[in-house]
Amino acid sequence: GSVISDVHSIKEREGELDYAIDGAVVKTLSRGLCRTELGCGTHDPNWAIAFKFTPVSVCTTLRGVVWQIGRKGTLTPVAVLDPVDLCGTTVTHASLHNEDYIRELGLHIGDQVTVYKAAEIIPQIDCVVERMNGPKVTIPKICPECGAALKRIGAALVCTNEECTAKIKAEIRYFVSRQAMDIIGVAAAVIDELVNLGKLHSPADLYKLKKAEILVPGLIAETKAHAIVSEIRFSKDRPFHKVLTAIGINGVAASMAALLAKTFKTMDALNNATKEQLTALDGVADTLADTILKSLHSEKKQTPIKELTEAGLKMTYEEDAPTG
């Protein structure tokens, strides 16, 4: 009871602080044996828990919906909004989750909607407060990028074309991102342009690029092209667990990649891992083990693993390499 009261008290004093907060963290008082016994998971400590405050919402106008395509081909609807201030930032876009959520809200262009930030970070549409006479938001029947058929998997719409350029762009963006290979300078606009020009078809193609190939008038000048090629070359020194993260095996985010790299030491050993070996690891249940093995052994992952190995990326764990 006193803990909840303290959290409410912090909420009441929120306006007196010189910085924004989204909740309060409760920790065990002891810094010694108690915290050691409770331990930590792969993502957060077991001796602390966060209480989130009820999010603030504001009203704005829905101007449109765009469909973003991820590296697995999943289409995510994103609302385009009139700019509105929310929790200290100007919001112009918000998540709409999936087609079922759009149907549930019955959205029309021009509707007045409320927007809130989930965990004070991701803007999301909550409800319609006033319906207008604009056109109804339509659900695409074909991929907006490549025109291929869409398939419903669970609640998601997925592009069925493995060669969809939107998938390739998203896959390369993830590969160069900070949590993966952390290749500075390879921005989304650069990736989009090089894919559109047919110079990039996969992450492995990055390591084949020459400076002359990536000179794009108005976007990539000679100095920038030189810097990009250098950063790509330097990325070959990234440790095994970063490479494993970048490959994008289903179920293997950064923390799991670090665990697998440290456990199996080499990509060859991981390729030969059994389900029993995986489920013996902390936090790996049967379902996750099956997901990892199915994705790892697929041609879609084995081909880039082979190509990235040939490109000279590290496929062996080094004891001195930091894992996080």
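1. A residue is called buried when its relative accessible area is under 20%, and exposed when that area is over 50%; residues in between are partly exposed. The model under review is predicted.

2. Start with Lys169, a residue of helix 4. Lys169 has a relative accessible area of 9%, so it is buried. Which residues is Lys169 in contact with, leaving aside its neighbours within four places in sequence? They are Glu145, Ile191, Asp192, Val195 and Asn196.

3. The overall picture comes next. The protein chain contains 12 helices and nine strands. Its C-alpha trace spans about 60 × 55 × 40 Å along the principal axes. Of the 324 residues in the protein chain, 40% are buried. Taking contacts between residues at least 6 apart in sequence, 53% join residues that are at least 24 apart.

4. Empty space can be searched for with a probe. Rolling a probe the size of a water molecule over the atoms shows where empty space is left. How many cavities of 30 Å³ or more are counted? The count is one, and the largest cavity has a volume of about 30 Å³. Its lining is made up of Trp67, Leu75, Pro77, Asn98, Glu99, Ala155, Ala156 and Leu157. Strand 4 (74-86) and strand 9 (156-159) are the elements that give two or more residues to this lining.

5. Glu99 deserves a separate point, as it is one of the residues lining the largest cavity. Glu99 is found in helix 3, which covers residues 99-105. Is Glu99 buried or exposed? Its relative accessibility is 7%, and therefore Glu99 counts as buried. Not counting residues up to four places away in sequence, Glu99 touches Trp67, Ile139, Arg152 and Leu157. Trp67 and Leu157 are also among the residues that line the largest cavity.

6. The largest pocket has a volume of about 480 Å³. It is lined by 25 residues, and those closest to its centre are Arg71, Lys72, Glu162, Asn250 and Lys300. Several elements each supply at least two residues of the lining: strand 8 (150-153), strand 9, helix 4 (165-176), helix 7 (240-247), helix 11 (286-296) and helix 12 (299-311).

7. Helix 8 runs over residues 254-264, and its buried residues are Met256, Ala257, Ala258, Leu260, Ala261 and Phe264. What covers these buried residues includes helix 7, helix 9 (267-271), helix 10 (275-279) and helix 11. Lys265 follows helix 8 and has a positive phi, near 70 degrees.

8. Thr263 also lies in helix 8. Why does Thr263 count as partly exposed? Its relative accessibility is 36%, and partly exposed covers the range between the 20% limit for buried and the 50% limit for exposed. Thr263 and Gln277 are 14 residues apart in sequence, and their C-alpha atoms are 9.7 Å apart in space.

Key
Residues numbered from 1 in each chain as written. Predicted model: local features only at pLDDT ≥ 70, side-chain atom pairs only at ≥ 80, totals over all residues. Heavy atoms only, no water. Helix = DSSP H or I, 4+ residues; strand = E, 2+ residues; numbered from the N terminus. Buried < 20%, exposed > 50% of the residue type's maximum accessible area, 1.4 Å probe, protein only. Contact = heavy atoms within 4.5 Å. 1 Å grid on protein atoms, 1.4 Å probe; cavity = no way out; pocket = protein on both sides within 12 Å on 5 of 7 lines; lining within 4 Å. Points joined across faces, edges and corners; volume = space filled by probe spheres on them.
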